[in-house]
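Subject: Structure handover

Hello,

I am passing on the structure we spoke about. Please look it over before reading the notes below it.

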Amino acid sequence: MYEDIDISELAKFAIRIAEKNYPNYKCAEIFVGKSEYLNIEVEENSVKYSEIGRNHGISIRIYRRNGSIGFAFTNKLNKNVVEKIVKNAIKMMRVGTPDPNFKNLPEKLKPYSVVEDLYDKSIKSLLIEDAIDHVKDLINICTEDDQAISQSGDFTANSNLSYILNSNGIEVSGEETLFDISSNMIVKDTINGEVSNGYESQMKRKLADIDGTKTAEEALKNAKRNLHRKKIKTKKMPVILSPKGTIKLILNPIASAINAEMYQYKRSFLVGKREKKIGSDLINIDDNAIINGRVGSNIFDGEGFPCRNKKIIERGHFLQSGLLHNSYTAGKEEVESTGNASRSSFSSVPSIGISNLILHPGTAQKDELIENVKEGILLNSTADSPNIATGDFSGLISQGNLIQNGEIKHALNETMFGINLLDLFENITSISKEYKIYGPYSAPYVKIDNVQIIGAQSLKN
Amino acid sequence: MEIDDELSLFDNAFIADLLREAGNKVEYWDIRATLSEGTTLDFTDQRSTEISSYEMANCGIRAFINGGWGFSVLKDLNKDSIKSSFLKSIKLARLTKSLLKNEFKIIERDPLEKSFKIDSKLPLSDVNIEEKIKLVKNHEKIAANSSKLITNTRTIYMDGISNCIFINSFGSKIKQTLSYLRLLNMVYSRKAGIIQRSLNSVGGLGGFEILSTEKAEKLSEKTAQESIKLLDAKSPIGGQFTIIADPKLAGTLIHEALGHACEADLVLSKESILKEKIGKEIALTDINVIDDPSTGQGKKLGLPYELFGSYFIDDEGIPSQKTTIIKNGILKNYLHNLETSSRMNLPPNGHGRASSSSARPQVRMGFTYIEPKDWNIEELIQDTKNGILCKDFLYGYTNPTTGNFQFKCKFSYKIENGEKKELMRDVALSGMILEVLKRISAVGDKNTFGFSSGICGKGGQNVQVSDGGPYIRVDDITVGGLN
């Protein structure tokens with residue numbers, strides 16, 4: 001069993017096999033991942049499933065001098081299979097195409113930042129019984145409320161170990177923990193029988209930071225706010241984004257658009273916009289990997305390169321240095337990697353991902369933002385995503401309410417919005433002081449003027 | 001590619017040992033184990049960005065006691081690990097049971113002892129990596145050279161073979177040898193500052209013959225042409241419109257707007273708007289909707305392979321079968337897994353599916369479609385005064401609780417006075433499940449029938465699905481737009 005396996009020994013064995021079978025390779029990297037998890041699921045507001053599991057695996061990425069890549073992986077951690085997959089990777093590399101854009105895998109040049117509280121050792125003594133206490137908090141909120149009729153939700157505790165060894169001298173290893181809890185609350189209006197749902201989740205590095213009660217309360221609040229759904233008329237009006245709305249409409253699209261791979265292949269609507277103003281002065285965005293204890297924080301990235309803080313947008317200007325790189329895209333542009341190589345597991349080649357993407361809070365009070373709207377929309381969520389190549393974003397408001405004379409009114413049915421993201425950035429007129437952290441995102445409330453709202457209420461009525 | 005049969009460790013003596021361990025402690029258990037191998041080729045701008053191969057093992061063990069489930073996942077396939085995880089699952093089930101408030105039983109079903117194999121004219125094991133690369137390079141070249149407006153191309157080839165075993169406490173022991181292949185092509189083009197993209201894929205269960213159809217051979221050519229065509233498309237104007245949906249879109253519509261809300265797990269958890277609607281008229285009398293993931297559908301559609309959404313048995317050992325969802329407008333059946341069929345006291349209908357042996361089965365669709373009727377496509381357009389002809393989709397989703405769904409179309413043509421007019425892009429459509437089914441005002445004939453395949457996500461798990469239908473017309477759909 002893998003507790004007995006010496007990862008570093010196995011990785012070095014793999015490199016030796018590579019050297020023996022193809023001495024003239026340019027560089028190679030071994031990635032080993034191990035994880036264990038525990039999961040409790042709630043269905044119909046009752047504990048339904050308990051699950052424990054573990055995962056482990058090893059991959060090799062190897063490059064020829066002409067830049068062609070070979071990759072192979074397995075979850076069978078024994079030398080026979082590892083030898084086989086190294087040989088497979090070499091076979092893959094031999095048949096690949098040359099790539100002059102590939103420069104090198106990271107070299108050991110820079111020191112690593114100190115980032116604390118990424119691993120919570122209380123996971124070691126976490127029992128399934130303790131985990132169940134967290135979901136009991138969810139269940140209680142649903143039981144105690146008259147309108148709540150059902151809830152699904154879950155709690156997961158994860159611990160991951162990543163180990164990276166490359167032929168350029170990098171050897172790093174780190175452990176992290178992730179805990180998450182979620183609630184999808186179903187409510188029924190006691191008078192007219194209308195049913196709706198509301199969702200909320202938390203993701204934390206530290207078990208003690210998980211608050212099931214608060215998560216379920218927020219889901220319940222969202223669900224109730226989603227009752228009395230009505231169709232509205234088509235009209236241009238201001239939209240206030242809740243922190244979740246800000247993530248969906250601003251941070252998520254920016255995360256894709258500043259990905260250097262998307263950018264270099266010209267798949268981003270921000271192509272040609274570097275060092276230019278792309279929106280309101282109020283927009284300041286960082287991608288910070290070195291905040292202690294945050295979900296998107298890391299000491300090193302998926303290639304073992306040191307992580308750091310990067311300024312992306314300053315006072316509405318998209319900075320020249322505002323792209324997120326791994327070693328490949330950085331090499332192509334002849335800059336240094338930003339430490340944003342991301343890999344979801346040992347089985348994937350590194351792509352590019354955000355660390356903690358932060359939209360800096362503004363000066364407005366969130367309540368004032370709403371109070372000052374005569375007629376507008378409070379947008380809490382949409383399941384849509386924009387066309388990143390064009391920036392066009394039309395979607396369905398899955399949770400939103402009408403604002404009238406500064407008050408939050410009925411929920412919306414079949415109501416869509418449409419805007420190009422560059423217009424959206426331009427039309428930001430206010431950002432709140434208050435903000436919320438969801439996973440790797442930090443998001444305040446944002447007011448956007450002049451958004452096309454398409455309602456399903458026909459003009460005849 | 002040859003997989004060593006490590007699964008032979010599940011011999012009769014070992015199974016007898018597990019049965020003994022379980023004794024009277026559990027009411028139901030099952031074990032799924034899979035050994036798989038495969039290849040991924042990822043090319044961008046005619047260069048390889050990933051050429052990879054893998055060899056993996058997965059195993060998941062479930063135990064059930066009176067409404068409570070325990071599940072344990074492991075990767076080391078040896079008797080000791082399996083037995084210890086088996087005991088862990090029982091312990092987890094017991095713990096779950098001690099806390100739950102909804103007690104129920106799993107009704108015992110007939111055991112099945114059988115082996116299944118995906119037939120293939122060109123087995124993946126007979127195709128070498130050079131041949132696969134040649135094919136991908138060729139698609140990349142065709143796309144890149146089709147116009148000066150093309151700025152970026154990407155082609156992803158994925159294949160895999162697997163050996164699976166399923167054992168449960170009813171006495172089932174099912175072995176499967178499966179094989180799949182998928183080719184995906186994406187093309188970006190640019191003109192006067194406008195960037196557009198198109199994406200197409202082919203995929204199915206089988207071997208290299210999946211790439212031998214005309215559709216597969218012309219995949220990149222089609223994607224490139226579409227991408228260029230979209231450069232001149234207009235953004236839509238939002239409002240209420242009559243739409244004509246092509247088979248791909250009609251399939252997505254029925255998958256999103258009806259299928260998910262028919263999944264019995266969502267019905268039991270009060271999350272479906274179709275709760276208590278069995279036997280009720282929820283659509284026009286012209287409408288029949290089926291989910292039929294059984295094998296042989298590909299052949300009926302003239303394909304040399306099985307559909308992506310097809311399977312022999314579901315992930316709970318129940319054979320795939322045809323389920324009528326709507327007959328003449330009346331809701332007839334929900335889709336079930338072992339648990340929901342037990343709780344509703346109905347026979348299971350083979351819709352318990354999981355994304356892998358490491359994930360627990362949920363209620364999922366397979367191949368969902370609307371049955372054809374009698375309109376031909378020309379009549380359908382001529383009969384539509386003002387509307388939008390919508391072809392193909394980018395994605396779709398639904399909220400089964402509120403019934404609100406939405407999807408995005410790839411191509412949309414304005415229809416004016418019964419004539420097809422200018423092209424529009426990024427048309428988003430939205431509606432309410434219970435309203436839209438009653439607004440289908442015309443259903444196309446069998447000559448217009450078609451399907452598409454893709455990946456559907458639910459509860460963090462992705463499974464392969466297919467859906468389809470004839471052309472259909474729907475009145476009063478909300479269309480989103482930037483104008």
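Predicted model: local features only at pLDDT ≥ 70, side-chain atom pairs only at ≥ 80, totals over all residues.

Between the chains

In chain A, 68 residues are in contact with 65 residues of chain B. The biggest contribution to the chain A side comes from strand 2 (residues 46-63) of chain A, which gives 11 residues. By type, the residues on that side of chain A are 26 nonpolar, 28 polar and 14 charged.

The chains are also joined by strand pairing. Strand 3 (residues 69-74) of chain A and strand 2 (residues 47-65) of chain B run parallel and are joined by four bridges. Within strand 2 of chain B, Tyr54(B) is the residue that Phe73(A) stands opposite.

Domains of chain A

Where the two meet, 10 residues of domain 1 of chain A are in contact with 11 residues of domain 2 of chain A. On the domain 1 side, at least two residues each come from strand 5 (171-188), strand 6 (195-204) and helix 4 (212-225) of chain A. Strand 6 of chain A has the largest share of that side, with three residues. The residues on the domain 1 side comprise two nonpolar, three polar and five charged.

The core

The largest nonpolar core has 255 residues, and the members that touch the most others are Ile60(A), Ala89(A), Ala245(B) and Cys390(B). Strand 2 of chain B supplies the largest share of this core, nine residues.

What surrounds Ile60(A)? Setting aside neighbours within four places in sequence, Ile60(A) is in contact with Ala14(A), Ala18(A), Ala28(A), Ile30(A), Ala72(A), Ile85(A), Val86(A) and Ala89(A).

One residue in strand 2 of chain B

Met56(B) is placed in strand 2 of chain B. Is Met56(B) buried or exposed? Met56(B) counts as buried because it has 20 C-beta neighbours inside 10 Å, and 20 or more is what the cut-off asks for. Not counting residues up to four places away in sequence, Met56(B) touches Thr74(A) and Asn75(A) in chain A, and Ser36(B) in chain B. Glu37(B) is 19 residues from Met56(B) in sequence, while the C-alpha atoms of Met56(B) and Glu37(B) are 6.4 Å apart in space.

Regards

Definitions and conventions:
Residues numbered from 1 in each chain as written. Chains lettered and ligands numbered in written order. Contact = placed C-beta atoms within 7 Å. Nonpolar A, V, L, I, M, F, W, Y, C, P; charged D, E, K, R; others polar. Pairing = 2+ DSSP bridges. Core = buried A, V, L, I, M, F, W, Y, C linked by C-beta atoms within 7 Å. Buried ≥ 20, exposed ≤ 12 C-beta atoms within 10 Å, placed from the backbone.
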